[in-house]
Amino acid sequence: MKLLKNKKVTFVALLAILAVLSTQSVSAMHIMEGYLPLFWCIFWFAVFLPFFVVGLMRIKKIVAEDPNSKTMLALSGAFIFILSSLKIPSVTGSSSHPTGVGLGTAMFGPSVISVLGTICLLFQALLLAHGGLTTLGANAFSMAVVGPFVGYFVYKFAKSLKLSTPVSIFICAVIADLATYATTSIQLGLVFPDANSGFVGSALKFMGVFLTTQIPIAIVEGLLTVVLYNLISENIKERAGLFK
């Protein structure tokens, strides 16, 4: 009981660290409304949409096989929404934030996150002015597609190396977070190429700006995800088997 209490305290403490950092009012890291030309808005929607459809089919199958999985799906979505809503100041006056996709990715696979992450991004755009509707495709592709798929790959690779589940989940959460920001940097680099170094130079500049704050944020997110995994596996024994 004491160990469980300590883990709950740790979870709250890590979440508080992120919350305190997010108290300043800054523009969001999600690509904002009106920031992308119409062509790129349509392009990223078209690229993202197949993943969303596959994700819907995957969720339908999961729920059909195990109706009780709805609870963990909801928890995964809530975790994504809370963490990705935090706006943490970056060095340029813009902001960074955790993504929260690692937990759901490890439990259900990356396809499911393409749906859960997009729902979170949609509500953030409508209710929090975080991101935008025209840029939803681009933001969803980076946070709800690339991040989870890259994270899932490294999670499975870590498990194949016989690393423990907590360590594998930590790596998954950290890499998924960083992959999201790398993708966003590439998206911005395509739209705003550098006058001298072109797309590559611009993308690298964006990466350099955001990684300054994103690396420590990703590490804290990884620790937070592991603590939540421990709470789930110890309190809901039948759900622990989801982390394979």
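Is Cys41 buried or exposed, and at what relative accessibility? Cys41 comes out at 8% relative accessibility, so it counts as buried. I keep in mind throughout that this is a predicted model.

**Entry 1: cysteines**

Then I searched for disulfides, which need two cysteine sulfur atoms within 2.5 Å. The count came to zero.

**Entry 2: the overall layout**

Next I stepped back to the whole protein. I found eight helices and two strands. Reading along the sequence, I noted the pattern α-α-α-β-β-α-α-α-α-α. There are 244 residues, and buried ones make up 51% of them. The protein exposes about 11200 Å², and carbon and sulfur atoms supply 73% of that area. I also looked at contacts between residues at least 6 apart in sequence: 78% of these join residues at least 24 apart.

**Entry 3: what the record says**

Residues 136-155 are 100% helix and 0% strand, with 26 Å between the end C-alpha atoms. Residues 204-232 are also 100% helix and 0% strand, and here the end C-alpha atoms are 38 Å apart.

**Entry 4: helix 5**

How many of the 18 residues of helix 5 are buried? I counted 13, so I jotted the helix down as mostly covered. Helix 5 reaches 25 Å from its first C-alpha to its last, close to the 26 Å expected at 1.5 Å a residue. Just after the helix, I noticed that Ala129 takes a positive phi of about 55 degrees.

Helix 5 covers residues 110-127, and Ile113 sits in it. Ile113 has 0% relative accessibility, which means that it counts as buried. What does Ile113 touch, leaving aside neighbours within four places in sequence? My list reads Ile80, Val101, Gly104, Thr105, Thr118, Ala144 and Pro148. I also took one distance here: Ile113 and Gly102 are 11 residues apart in sequence, with their C-alpha atoms 9.2 Å apart.

My other pick was Gln124, which lies in helix 5 as well. Beyond its neighbours within four places in sequence, Gln124 is in contact with His30, Phe81, Ser84, Ser85, Ala129 and His130. Ala129, the residue with the positive phi just after the helix, is thus one of the contacts of Gln124. For a C-alpha distance I took Gln124 to Ile82: they are 42 residues apart along the chain and separated by 10.0 Å.

**Entry 5: aromatic rings**

I finished with the rings. The search for aromatic pairs returned 10. One of them is Phe39 with Phe43, a stacked pair at 6.1 Å centre to centre and 25 degrees between the planes. Both residues lie in helix 2 (residues 38-65), four residues apart, about one turn of the helix. Phe39 has 56% relative accessibility and therefore counts as exposed, while Phe43, at 34%, counts as partly exposed.

Another pair I looked up is Phe51 with Phe141, which is edge-to-face at 6.3 Å centre to centre and 65 degrees between the planes. Which helices hold these two residues? Phe51 lies in helix 2 and Phe141 in helix 6 (residues 136-160), so the pair ties together parts that are 90 residues apart in sequence. Phe51 is partly exposed, with a relative accessible area of 30%, whereas Phe141 is buried, at 13%.

Conventions. Residues numbered from 1 in each chain as written. Predicted model: local features only at pLDDT ≥ 70, side-chain atom pairs only at ≥ 80, totals over all residues. Heavy atoms only, no water. Buried < 20%, exposed > 50% of the residue type's maximum accessible area, 1.4 Å probe, protein only. Contact = heavy atoms within 4.5 Å. Expected span 1.5 Å × (residues − 1). Phe/Tyr/Trp six-rings, centres within 6.5 Å; stacked < 30°, edge-to-face > 60°. Areas by Shrake-Rupley, 256 points an atom, 1.4 Å probe, with all protein chains shown as cover.
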